[in-house]
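The entries below follow the order in which I looked.

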Amino acid sequence: MEENKLQFAPTCDRKTWIARQALMNKVRQFFVSRNCLEVETPTLSNAGGTDPQLDYFEIAGNVPRFMMTSPEFHMKRLLSAGFGDIFQIAKSFRKDEFGSHHNNEFSMVEWYRVGMPQEQLMDEVEALVGEILGSPINARRTRWIDAFKNYAGVNPFCHDLNDFASACRAHDVPVPESSEMMSREDWWDYLMVFIVEPALASNGPEFIMDYPPSQAALAQTYKDADGFTWARRFELFVNQVELCNGYTELTDAVEQRRRFNDDLEIRCKMGKPLPPLDENFLAALDAGMPACSGVALGLDRLFMLALDKPEIADVILFPSPIA
């Protein structure tokens with residue numbers, strides 16, 4: 001009997017679920033009180049995302065369909081259609097993502113503010129996270145390049161890639177066996193996960209901002225006073241948990257198509273499937289999406305922190321492995 005119970009039972013108990021629902025109501029009220037319009041966009045789409053780091057679920061049929069990794073493309077079509085400030089609480093899907101902070105299917109809140117500078121949107125992210133956690137977070141704001149210098153002790157644009165291996169040894173982090181084959185960006189990803197992000201936990205909540213252009217995704221770029229190009233992108237980390245990813249949104253359809261095609265080339269080299277480009281989204285950009293900032297925030301992770309749980313499985317009823 002006990003074995004059967006363990007087989008069918010949810011990983012989140014009833015008391016925790018009630019607390020989660022109360023927090024979800026707070027999230028919705030946060031945006032309603034700030035005059036954001038709630039929207040609902042499709043889970044299935046004719047096109048998938050091109051991000052080389054994400055894998056998607058494809059539904060076979062006469063016309064292939066893709067389960068959305070984010071509601072971003074559809075929401076931006078609404079922006080181009082004049083919907084103004086919008087938010088959505090949605091399920092998103094990413095293949096082969098499991099772990100204490102990952103699940104194939106997860107809840108996020110994504111929102112867009114027309115005409116709002118990125119710095120002001122970061123203020124709003126802080127306000128929402130503080131509301132859910134129960135106290136202001138007052139997050140530090142650190143440029144991506146300074147995070148590597150401060151926490152890993154290495155310049156990410158160093159001339160000698162062996163400097164990355166030296167940074168690993170200085171922080172008692174194993175040097176990957178394939179290190180001689182690793183590109184600069186491979187090293188960036190490795191050091192971010194194993195050195196930078198763990199270091200963030202000891203400094204309290206922190207925004208990492210101004211990423212290199214190769215990691216711009218759907219963000220605008222700018223040149224600083226020294227002539228270097230950076231992406232207007234930010235992420236928030238709380239207790240070593242990445243909570244959100246935000247941009248000053250790119251509105252140039254030609255540049256976005258170029259980035260999509262670059263993504264497809266990388267996916268091809270990685271041996272990954274090549275999804276069709278979302279032409280409806282590109283048409284929306286071409287028609288004229290208003291200047292805006294947007295952000296997607298993982299609700300399961302936020303609720304995990306708010307309810308002092310070690311894993312998101314503790315705030316999800318049926319996580320992927322047992323669903």
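I began with burial in helix 3, where Glu72, Phe73, His74, Met75, Lys76, Leu78 and Leu79 are buried, a word I use for a relative accessible area under 20%, with exposed for over 50% and partly exposed for what lies in between (1.4 Å probe, protein chains only). Helices (H or I, at least four residues) and strands (E, at least two) are DSSP runs, numbered from the N terminus. Seven of the nine residues of helix 3 are buried, so this helix is largely enclosed by the rest of the structure.

I note the basis of these entries here: this is a predicted model, in which local features need pLDDT of at least 70 and side-chain atom pairs count only at pLDDT 80 or more, while totals for chains, interfaces and linings use all residues. Residues are numbered from 1 along each chain as its sequence is written, and side-chain values use heavy atoms, with hydrogens and water left out.

I then looked up the packing of helix 3 (residues 72–80) on helix 9 (residues 279–288), and found their axes 9 Å apart at an angle of about 30 degrees; axes are lines fitted to C-alpha atoms, for helices over the stretch in contact, and angles run from 0 to 180 degrees between N-to-C directions. That angle makes helix 3 roughly parallel to helix 9, given that angles under 35 degrees count as roughly parallel, over 145 as roughly antiparallel, 65 to 115 as roughly perpendicular and the rest as oblique. On the helix 3 side of the contact I listed Phe73, Lys76, Arg77 and Ser80, which meet Asn280, Phe281, Ala284, Leu285 and Gly288 in helix 9, where contact means heavy atoms within 4.5 Å. Sorted by type, the residues of this contact between helix 3 and helix 9 are four nonpolar, three polar and two charged; Ala, Val, Leu, Ile, Met, Phe, Trp, Tyr, Cys and Pro count as nonpolar, Asp, Glu, Lys and Arg as charged, and the others, Gly among them, as polar.

**Two further helix pairs**

How do helix 5 and helix 7 cross? The axes of helix 5 (residues 144–152) and helix 7 (residues 184–200) come within 10 Å and cross at roughly 70 degrees, and the two helices are therefore roughly perpendicular to each other. Trp144, Ala147, Phe148, Tyr151 and Ala152 in helix 5 meet Trp188, Leu191, Met192, Ile195, Val196, Ala199 and Leu200 in helix 7. I counted 12 nonpolar residues in the contact of helix 5 with helix 7, with no polar and no charged ones.

For helix 4 and helix 10 (residues 299–306), I found axes that come within 9 Å and cross at roughly 45 degrees, so helix 4 and helix 10 are oblique to each other. Here Val129, Ile132 and Leu133 in helix 4 meet Leu302, Phe303, Leu305 and Ala306 in helix 10, and this contact of helix 4 with helix 10 divides into seven nonpolar, no polar and no charged residues.

**Cysteines**

How many disulfides does the structure hold? I found zero disulfides, a disulfide being a pair of cysteine sulfur atoms within 2.5 Å. The sulfur of Cys36 is 12 Å from the closest cysteine sulfur, in Cys292, which is too far for a bond, and Cys36 is buried at 8% relative accessibility. For Cys244, the closest cysteine sulfur is in Cys36, 15 Å away and too far for a bond; Cys244 is buried too, with a relative accessible area of 2%.

**Backbone angles and single residues**

Most residues other than glycine have a negative phi. I therefore noted Asp96, whose phi is positive, near 60 degrees; Asp96 is in the loop between strand 5 (86–93) and strand 6 (105–114) and is exposed, with a relative accessible area of 55%. Ala217 has a positive phi near 55 degrees, lies in the loop between strand 8 (206–211) and strand 9 (221–223), and is partly exposed at a relative accessible area of 31%.

Last, I looked up Ser92, which is found in strand 5 and is buried at 1% relative accessibility. Not counting residues up to four places away in sequence, Ser92 touches Met68, Thr69, Ser70, Pro71, Asn104, Glu105, Phe106 and Met108.
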